[in-house]
Structures are given as structure tokens and as C-alpha cells.
Amino acid sequence: MLRLNDIVDRVQAARPGCDIELIHKAYVFTAKVHHGQLRQSGEPYLIHPLNVAFILANWNLDEETIVTGLLHDTVEDTVATVDEIRDLFGDTVAQMVDGVSKISRVVISDVADQKAESLRKMILAMGKDLRVVLVKLADRLHNMRTIGHLSRDKQVAVARETQDIYNPIASRLGMSRVKIEFEDRCFEVLHPEDYRELVRLADERKRDRESHVRSVVEMLEKKLAEAKVEAVVKGRSKHIAGMFQKMARQGIDFDHIYDFIGFRIIAKSVGECYEALGIVHSLWKPVPGRFKDYIAMPKPNLYQSLHTTVFGPNAELMEIQIRTEEMNAIAEYGVAAHWKYKEGRPVVGKGDQMFLWLRQILELQQEMKDPREFLNTVKVELFPEEVYVFTPRGDVKELPQGATTIDFAYAVHTEVGNTCVGAKINGKMVPLRTMLKNGDVVEIVTHPAHKPSKDWLKVAKTSRALNKIRVFVREEQQERSLALGKQMLERELRKHSLSMNKVLKSKEFEETLQEQRLKSPDDYCVALGYGKMSLLPLLRRLVPPEQLHEKVKDSRLGALIRRVTAAKPSAIIVKGMDDIFIRLGNCCHPVPGDPIIGFITRGRGVTIHAKDCPKALDNDPARAIDVAWEAGTKASHPVKLKVVCADKPGLLADISRTITASDVDIRRATVLTTRDKRAICNFEVSVNDAQHLAALIKSIEKLKNVFSVERGKG
């Protein structure tokens, strides 16, 4: 069992002059407030904070972070308060414990909201003190190591959250060892059969390859020694999740993973790294296009290394990485490897460039109020597939894969993006939709009179560009709607011989504003121009009923209302509006029980989307309108399901029987088989509501050889 002395010894080895008394004090406090609490395993709860602190000590973090690791659950799970921790351990520790608690405290009924809000809280905490997220990563790492004591449903939920939120952040902080462990442990939980099979195959091959690895290591050590290059050579196998990802990405089976074993050369200096590279290439022929120099051009998270792939003994592919000891530490532990402190304040130095992406995300977070929209766009910024392109002056811009020249323009400056009319890549004019490739030199052509187009939303990929375009389009649409609303109001009032200026100052107009919860005449005209409200409530206050009836009776608006009233689905209630045409979005197929939102569409009434539908997030929030499912309505609703399973005889029949047994009709079914002996089954079924759908998904997931069941989109 882990002891406090193990933590203290590790901290003292890394930081001889640290405040050990503070750590002892935190241990005594934690043991006292957690006394009597047990983990799911039945062990004393104290084991968890001890392990979190030990992980942080192994990352060579300072004593304040170790103390926070010991105390991180005290405010959340015991009677201890932040003020009490502040009195005993100081402001910095109290703020960090409070930051970790806030991340853990978020509980929202909607799963999409919960993930988005957790991510928002975490990034905000990172902006104040990055050590907060390091503690949270250590906390999640120990929870993943002991996940076997949870129920199966809870294991899957925790693993998915780790995969979606914590693993990408560990990656962007350059903590590859943590990222790899997260990936392997999530893979073991989410795909247990695949994991066990790959572990078995990997162990078999590792035993077969031991002599090969030894001979390559010995050969490299001998040649490096002859050249008087002092270096350590190691052979290592790919991690399990990495192998599975490669198999899925390339559509190959395990036998076709040729670079199963990789080699690493750790040299004393940068110069010796390049000498070692020359020795490797003199021994074996390099594979064209597979050399990367991350020493000359480090990744934004400070990762540095030389990567080369060669045709080794017996023409076998081998990947070799070459780096210094410092580079190796940063590659494995990222920001934690060089996070230094002086007088209680962080000093980052050369790591400042690493936090450029963090500042961009914080800026984005301030502009977005909807947590689902935030999660949807920020995921692009968190995942590590990037392209590196240059401005004409030689400045490097990092963008996600698939980014276009529009994304580049907004990365340079908002005004450059808003006024761009064209782009040159490597000196040649290209369309704005052109995707960027590594090494491109990009020049943006601008014109002061030009404005963004709504069509750019289909082309842009980065959250920054998408958000800036949405803001501009939204403001422009609002201006148009204001002008249109004023025109409509003035025209209708003129029909009844009413003065617009007098009406806007009248008691009747004020009552209408209050009824519609609007603040000003401009808000009223904007809503009118968008089509979010009718003029009738105001006209009923201003015009005698007999005159109003005569005017409205034969209007085109009245005819349209009568024509489309019958098309309204009885299951939907639109707040504050009657007699309006409603249609369900084909992109998300919402069913009763799903959280929904409506959007006014000119000439097409109200379109209903699921709240987490990507197309709903692309809509202008000003067009949003409150809608709800009408209680007690019974009807069948089409839903798409994607089932990934093993390609085995009879399994499709088992799935079909399970669907039918759940009192669900199958409208359509298609099956595709993959090269790795899997089947992707797409079903269109009819269900009554979200509860009916959830029960169906659970029934299919219980079938043997079914890997995943997802609700389809589009």
C-alpha cells in the first residue's frame, strides 16, 4: 500500500529544498476529514488522494500542487470548506482546491450540456492556474486505474468522458505518457474483447521479436559508440489503443502492422541527435516522405524529436525517434516537465508559445453562451491533427487539418478575414475553399468594401473563423430584419390611417412590448422582420374589431395561415404562437422526450431540431423560439441507428429480431462490411419516444459481438 513517505521521498528527490511540513499537514487534515469514508472497492477513501499526490510527485510538480492533490476532494466530499483550507494552507492552495472542486461539481441532466459545461469549467480553471488541470488529470488517471470496481454502465460513462474531454487536453499539454495510458484504459473498457485479443497477439509477437529487437539495439549502440556519440537506445512496442487505431484507420489486420516495434535514441545534445540520424540512415535506407524534424520546428506543445522510418533488417519497416534527455522528458510529461515556480508564482518562460491555443479558447468561450455550441466548436481546437502554414513574412500558423484559406485569414486578424476576397497559395491564386497543406505559404487578398458571406460557414473549419462569421452574419441579418420590420409596421398602420410615431409612444404599444417581453421598438421591429411574431396583437389594441376583421379576412397572410394549420404536428407546442406551420428537422429526427428547439424559417414556418443537433448550432440564435412536446401524444417517429458489429453469420438476423421484439418497425436497413471483418448496419426504425429508443439501443448493445450502437444523423 502507498505510504506518505513514498510521496515525500519522491518530492525531496526532485526538489531538495521543498516545504515537507506543508505536505505532512495536508496529509493529517485529509486523513481526518475523510475518516470512515470508503471507495467502491471497499478500501479507505484516503488511498485515492494519496495516489493522486504520488502521480503529481512523479510529474516533478511543486509542493503546493502535491498538497492540492491530497486535498482535492475535501471540499466536495467532506465538511471541509474553502475558507478552512485558506486559513490552514494559504490562498494559492485554496484557489486550486476550489478550482478542482468546481470542475467536479457540475451536474446537469442533459449529457451534452454536462460534457460541455465540464469542459468550459476546466478551461476556465486552466486560464487561472494550469496546475488545477494537472491535478484533475492525475485524479482522472487514478480513477481510470481503479475503474474495475464500478458498475459496467458507470465504467462506460467514465471512459467516454475521459476519451472525449481529458485525453485531448492531456495531448495538447504534451503529456504523451498520460495520453497513451488514457487511450489504453478507455479502449479496455469500451472494447474489452478487442483489447484482450490485441494484448494476446501483441504478447505473442513480442516474444517472437525479442531477438530482433536485441540485435537492432546492439547494432545501433555499437555504431554510435564507434562515432563517439553517447546515447541510450531503447526498443518499444506500440500501445494497444494505438495499434487498434492504426488498424481501423488503414483497414488492415494485426499481421499487417509492420512497425509494431519502434526504437528510440536518447542523446546528450542536439548535435548528437543529428549525428545519430546520419548513422541510422547509413545503416538502413530511409523511407521517402517519412522523415520529420520536430527539433528545428517544434510542435506548439513544445514536443521536439527527429522521426524517421527505415527499411531495417530483412527490409522490415522500423520507426526510429531521436531526441535529447530533456526532449524525452517533455515528450512524456509535457508542460509538467518544465513547470517551474518561484515565490509561489508560475514562471513558464519558453513555454509561453504553448498557451497560445489556450488564450484563443478563452477568448472564444467569452463570446459563446450556449455550452453545446461551445463544446461543438472547441473540440476542433483540442484535437491534435494540425497543418503548419506560413505567412509571406515566414511566420508559422498552426491550423487543424481540413482548414481552408478562410480559416487562415481569420487566424491572421478578424478584419483580414472579414474583408478577404481571394487567396494565393505558394504564389498562385486559389479559391477561398482550398484546403491548406503543411508548408504552404499563404497570402490573403483583401478589399475594404467586401463582407463575409453566410456560405463561408460551409467552408470554414476553425472555431475562431466560424464564430466571427456567425457574429457578422447575425448582425447583418438583424439590421435587415429591423428595416423590414419597420417597413411592415408602417405599411400596416398606414392601412388603418394610424401614425407610426404616435403608435410607438402609445400605451397600447407599451402593453404589447410587455406582453411579448421586448424592451424597445427596435426589438419589436426585429422580431417582426424575422417572422417571430404577428402584428395582430398590436392591431387588436388599436383598431375596432369590425374594421380589423374586415381587413384581415381576405389578406394573403390569413389564407396562408388557414392553408398550413392542418400541417402542424399535434405533438409540438410553440410557445406564444398558434396557427403556424411546423416541420421536424431531417438532420436529427427528434422524437418525444428529446430536448428540442425551434427556429423561425421565412416562408417555412418553424423547424424543430434536437438541441444538440449541429445544424441547430449553425442557426442564428435570434431566430430561436421555445417549443415543447405536447403531453400524451402518441405517434411513431423515424430514427436512424448505426450498429457496428462482428461480420458473423446470423448476427444481422439476431439484431432484426431484437428490434422487432422491442415493438419497433424497421423501415429500411443497409449493411456494409469492412476489411477487418466488421459489419456496419444502418437501420431506419419507428419509435414512440426517447425512452422507447433508449430501451431499444440497450437491448441491441446486450447482443454478443455488437461493438457499438449509435443514433444516426442526417
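This is a predicted model: local features need pLDDT of at least 70, side-chain atom pairs count only at pLDDT 80 or more; totals for chains, interfaces and linings use all residues.
1. Residues are numbered from 1 along each chain as its sequence is written, and side-chain values use heavy atoms, with hydrogens and water left out.

2. S9 (residues 386-390) and S10 (residues 396-400) run antiparallel and are joined by five bridges; strands are DSSP E runs of at least two residues, helices H or I runs of at least four, numbered from the N terminus, and two strands pair if DSSP finds at least two bridges between them. Glu386 has Pro400 as its bridge partner in S10.

3. Five of the five residues of S9 are buried, so the strand is largely enclosed by the rest of the structure. Buried means under 20% relative accessible area, exposed over 50%, and partly exposed in between (1.4 Å probe, protein chains only). Glu386, Tyr388 and Phe390 cover one side, Val387 and Val389 the other.

4. Glu325 and Lys268 form a salt bridge at 3.0 Å, N to O (a side-chain nitrogen of Lys or Arg within 4 Å of a carboxyl oxygen of Asp or Glu). Glu325 lies in helix H15 and Lys268 in the loop between S2 and H14, so the pair ties together parts 57 residues apart in sequence.
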